Amino acid sequence: MKNIKLSKFWDSLRSSYWFLPTLMAVGAIALAFTLLAIDRSSSIDIGNSSAFSWIYQGGADGARAVLSVIAGSMVTVAVTAFSITIVALQLASSHFGPRLLRNFMQDQGNQIALGTFIATFIYCLLVLRTIRGEDYQLFVPQLSVTVGVLMAVISVAVLIYFIHHASTIIQASHVIADVSHDLEQVTNRLFPETLGRDLDQQDEGVKDIPTDFEAAARPVRSEETGYLQAIEDETLMQVACDENLVLRVQAFPGAFVMADSPLVMAYPADRITRHVERQINRAFVMGRELTKQQNVAFPIEQLVEIALRALSPAVNDPFTAIRCIDRLADGLARLAGRELPSPYRYDSSHTLRVIAAPVKFETLTDTAFSQIRQYGSADSVVMGRLLSAIAAIAPFTRHSKQRYVLQ
């Protein structure tokens, strides 16, 4: 998969509250200087022209008062919006689990609202400092002041949207639908094909594994500790081709990897140098937390976590758990119809280079339903919906093992 590290970097930017507001603040600075330059160089007295009657036509004192009020109010609104956001994050963490915080942090509605208020404040501040009265060389940037008023009107509209949005994103139905959408996206990205080979057939790649692989292979160990977020497939394949190796992947996205634990088994062992070990380690992208980048189980685990919290005695909300079960059934039905990639990866000359066991439907089904089955066993409504979900998935299965795990 191309640009894995770039994708990780972009995902971290999207999960931050500073990136988008910073871009909007920079845009406000550029807009302020551009409009001020137009005001200084304009040869038309726009204040006395009928064609520009909609533009601010007051004096320096009025312009200062207008911009001062806007700038002051924007700071107050930005602080209030930030406080509301923090409260929403606290509610999300307590009700839906800390793993859902990343989803809330990635919400662009909140980021745009905060960015709008900050950008309006900075713009008014920059324009305000250029206004000069008659005691000095008179300068009232009429076009810039007008745009400041327009930005204030837009900010009021954004504030109304923000209040509605902040009250919507913490609703259980909205959160569950968002996580379900993430599951659909990662499924379509990792398993794009809906029909393919018969999964009941034995993969012929087994015969290409060297007979002495287990005896002659050497583990390449991790240089750091953390969650494995993604594997750069092309980098791993390139190393295997360049060094004439066969690599069997031991760690997979979503796993917690400790330093000095094996990442791959490399064959033959005598070709593994320190340089090759560093190259293989660079193909494994580690991080502090789990992500959905190459881990289809992550959104499934998020839905399960919401369901388990809803089934806890402290909350006792079986209807939220039922919504999670419905979404899990939809995701598993979609996965059941997809062609899983072969674990055997070949180079252009059809030589086996990488062995990477794919995600199994059986494992994902166990992840989705086992804990809910245990925690919800005392609730007949939840168990009935769980049985209905299993029955709804069954027609989409293409493999006898898939049907067996559902049974």
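Reply: Contact here means heavy atoms within 4.5 Å. The structure is a predicted model, in which local features need pLDDT of at least 70 and side-chain atom pairs count only at pLDDT 80 or more, while totals for chains, interfaces and linings use all residues. Residues are numbered from 1 along each chain as its sequence is written, and side-chain values use heavy atoms, leaving out hydrogens and water.

Once neighbours within four places in sequence are set aside, Phe-369 is in contact with Leu-328, Leu-332, Leu-386, Ala-389, Ile-390 and Ile-393. A nonpolar core is a set of buried Ala, Val, Leu, Ile, Met, Phe, Trp, Tyr and Cys residues joined through side-chain atoms within 4.5 Å; buried means under 20% relative accessible area, exposed over 50%, and partly exposed in between (1.4 Å probe, protein chains only). The largest such core has 43 residues, and those touching the most other members are Phe-96, Phe-104, Ile-300, Leu-328, Leu-332, Phe-369 and Ile-372. Two or more of its residues come from each of helix 3 (60-96), helix 7 (172-190), helix 11 (297-311), helix 12 (318-336), helix 13 (361-375) and helix 14 (380-393). Helices are DSSP runs (H or I, at least four residues), as are strands (E, at least two), numbered from the N terminus. Helix 11 gives the largest share of this core, nine residues. Another core, of 34 residues, lies apart from it and includes Ala-60, Ala-78, Tyr-123 and Val-158. In soluble globular proteins, nonpolar side chains tend to be buried together.

Elsewhere, Phe-19 is buried, at 19% relative accessible area. By contrast, His-350 is exposed, at 58%, and Asp-260 is exposed as well, at 52%.
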